[in-house]
Amino acid sequence: MKIWLHETALIFRDKGILIFVVFVPLMYPLLYSWVYTNEVVRDVPLAVVDDSDSHLSREIVRKLDATPDVSVAARCVDMAQAQELVKRHEAYGILRIPASLENDITDSRQTYLGLYCDMSSMLYYKALLLAATNVSLEVNKDIKVDSHISGTTDRQDDINRMPIEYEYVALYNPQSGFAAFLIPPVLMLIIQQTLLLGIGMAAGDSRERNRGRLTPSGRLYRHPVSNVIGTAIPFLLLYVLMAVYMFTVVGRTFTLPSLGDYGTFVRFAIPYILACIFLAMVLSSLIYRREDCILLIVFLSVPLLFLSGLSWPVSSMPDVWRYVSYLFPSTFGMNGYVRISSMGATLADVKSEYMALWVQTGIYFLAACAVYAHDLRKRSRQVALAKA
Amino acid sequence: MTILKRILAISRRELRIYAGRPLYLSCMVVAPVLCVLMFVTLMGSGLPTNLPAGIVDEDNTHVSRTIVRTIDALEETDFSRSYASYTEARQAMQRGEIYAFFYIPEGTTRDAISNRQPKISFYTNESYFVAGSLLMKDMRTASELSGLALTRETLYAKGATEDEAMAVIQPIVVETHPIGNPTLDYSVYLNNIIVPGIFILLTMLSTTYTIGIEWKNGTQKELYRMAGQSSSVALWGKLLPQTLIFTLMFVLCDVVFYKYMQYPCRSGLWSMMLLGFATVLASQAFGVLMFGLFTGQMRMAMCLCSLWGILSFSLAGFTFPVTAMSPFLERMAALFPLRHYYLIYVNQALDGYPVSYVWTSVAALACFILLPLLVLPRYRTAFLKRKYKP
């Protein structure tokens, strides 16, 4: 209890720790949401080389221009001119319509449109490909019905165009937005990384002040378990607040998908935060100076995001890395949170992640106690040496 | 003593410091090597294949099974799981077992044969961006094919050959040519920027850390004496070993990517190595600038370097293009070394265009390298007067 108050006071007195555990979790989500606020890429500039220059080719170009994803930036006379535009990044793709377009269609031959895409960003490619495919499918249906199997009524034409209709539903992220995909896992990652940084810095700090030991001397800090719990409580309280802030304020302000239930989220967040705190204490056995933790922990964020399997599907990940990813609470935290907040999963649906987090909490708690016990033994040896 | 000798003496002292603690080498050598290894093996397959997906076939007829077979043949999807109802499939999706599912309602065949235009649906989980997008492409093709399969049967019945039938079904075909990355390899696209991004972050952090540690240990005056009262000599000596180590890391990364993994590299290895060297210098210069601005405040400098390094992954614009961000951020992007690395890399390795098309980025990297000149006078005061602040 006393340790708890003492540690709380330490956190609030140290500007360096405060930046990591209060300022960063508050501001970072806002910054990220601002960066990705537009969600999708619209009007990717496309250069058109229209060798056919016919009624049909002009219709294709017009339809492309009308799609939300693509805007026709230039009509070029030849490929060289269009390539120049791509090199200068004034266009991110070229559509080449062959001179034989009309003839091929009249003679019932397949004809090929060339779509050349700049691959500097996958999203440009995706936008161009989708728009071009959609337009070609639409034009194809018209050609099919008008020139080959025209029916007697408009409805008959409709059915001939598409004997089986289909619809496509993008669940949980209806506009395939980038923010809705990236921000929820990043929120969880921020919780883990700032906890590692904050607790690591606190550990480095006390080592600097207590001759390389994790805890100050004195009767108060003589028991490892109470040390671990006493240090954990202030961080836990602070971070439950942070998690609620991220779940509600950040989610609402930036209209991220939020199907999740409040109670479910809080019950899920508690083992996550605890696992992170105890992991941080275990890692603090490696940290001897305040600033060490920045050097060791910041760069981990990027690999951890990829290990979680949210970007790169777990099913095509080598087993080794899957096992490595089980070491970090963020893997389960991110996956569980995405399911709770974006897909409205209940605690039963994320049971495996939930249990895994409690298992981690248990293991890291014991490990943290061991680290502190080891440290206490060293301290008493130091004291004994000093007396001798 | 000449300037060169002084620099070398300081560098030797620096190497002795590195040998003293495992922290230095783990951040300068172990972490970069592990990152290269991890990202190369993590995305070793290039494109994810056999993503788990499900099928709900309530119709269960000859036609619906034909549709199922068509879909199952697609490379990126594994439709081995089938569910009895829509609700079951949705629950499986929430548990994260499948990324998508296909729904064929009862009566599809009946309606199709009697010309009543039935509707089939496919659902993808777009919370997983890469998986969702890949599946969408596949499922779109599949449902397009399933509809057309019926028309094709009609045409065959009327005596059309395959070519003729295809000319009716799909008169216009779009052929895509992704420039520079023809196999749409995701690892080429991600690793080429993420790994250098991590290197830049580590370079900036170790620069500020190693400079800051002098103040922390109170040895800055000794360093200043060794440098013959010159801040620039002191900095050169301190940072030279790191320049070499991190350049070596970039060289290693280039060799692994372009020689071993055979990622597209049209400009040749040398120009990418040169780019790596310039990037190391630019990031070190940025670290020096940060420490100079917050004279002696090692923690603030490191915090800002972390912020810069992490943000650069977003603002480089290789995942979400800069042009789609707000105009203010679009201009801000120029302040991040990774952004210029990315533009030059695309121009050189991916496309193999003349470097003149990205002269602005080359100039920007040069500006980064010159940044420390702005704060050299501040270092002088720092060396003489400032003390370490926690």
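Predicted model: local features only at pLDDT ≥ 70, side-chain atom pairs only at ≥ 80, totals over all residues.
A residue counts as buried when its relative accessible area is under 20%.

Now apply the cut-off: 14 of the 14 residues of α14(B) are buried, so the helix is largely enclosed by the rest of the structure. If you follow the backbone just past the end of α14(B), you come to Gly352(B), which takes a positive phi of about 70 degrees.

Part of the surroundings of α14(B) is another helix. Two packed helices are described by the angle between their axes and the distance between the axes. For α11(B), which spans residues 269-293, and α14(B), the angle is about 170 degrees and the axes are 11 Å apart. Angles over 145 degrees count as roughly antiparallel, so α11(B) is roughly antiparallel to α14(B). On the α11(B) side, the residues that meet the partner helix are Ser271(B), Met272(B), Leu275(B) and Thr279(B). Facing them from α14(B) are Tyr341(B), Ile344(B), Tyr345(B), Gln348(B) and Ala349(B). By class, the residues of this contact divide into 6 nonpolar, 3 polar and no charged.

Let us step back to chain B as a whole. It has 16 helices and 5 strands, and buried residues make up 59% of its 390 residues. Taking the contacts in chain B between residues at least 6 apart in sequence, 74% join residues at least 24 apart.

For a look at one of the strands, go to Gly54(B) in β1, which runs over residues 51-57 of chain B. With a relative accessibility of 0%, Gly54(B) counts as buried. Beyond its neighbours within four places in sequence, Gly54(B) is in contact with Phe79(B), Arg81(B), Tyr83(B), Ile98(B), Ala100(B), Phe101(B) and Phe102(B).

The axes of α10(A), residues 262-283, and α14(A), residues 329-343, come within 10 Å and cross at roughly 165 degrees. These two helices are therefore roughly antiparallel to each other, and their crossing is left-handed. From α10(A), the contact draws on Thr264(A), Phe265(A), Phe268(A), Tyr272(A), Ala275(A), Cys276(A) and Leu279(A). From α14(A) come Pro329(A), Ser330(A), Phe332(A), Gly333(A), Gly336(A), Tyr337(A) and Ile340(A). Here the residues divide into 10 nonpolar, 4 polar and no charged.

Gln192(A) has its place in α8(A), residues 178-209, and counts as buried because its relative accessibility is 0%. Apart from its neighbours within four places in sequence, Gln192(A) is in contact with Tyr272(A), Cys276(A), Leu304(A), Phe328(A), Pro329(A) and Ser330(A). Among those partners, Tyr272(A) and Cys276(A) belong to the α10(A) side of the helix contact, and Pro329(A) and Ser330(A) to the α14(A) side.

Our last stop is Ser206(A), which also lies in α8(A). Its relative accessibility of 10% means that Ser206(A) counts as buried.

Notes
Residues numbered from 1 in each chain as written. Chains lettered and ligands numbered in written order. Heavy atoms only, no water. Axes fitted to C-alpha atoms, helices over the stretch in contact; angles between N-to-C directions. Helix = DSSP H or I, 4+ residues; strand = E, 2+ residues; numbered from the N terminus. Parallel < 35°, antiparallel > 145°, perpendicular 65-115°, else oblique. Left-handed = near helix turned anticlockwise from the far one by under 90°. Contact = heavy atoms within 4.5 Å. Nonpolar A, V, L, I, M, F, W, Y, C, P; charged D, E, K, R; others polar. Buried < 20%, exposed > 50% of the residue type's maximum accessible area, 1.4 Å probe, protein only.
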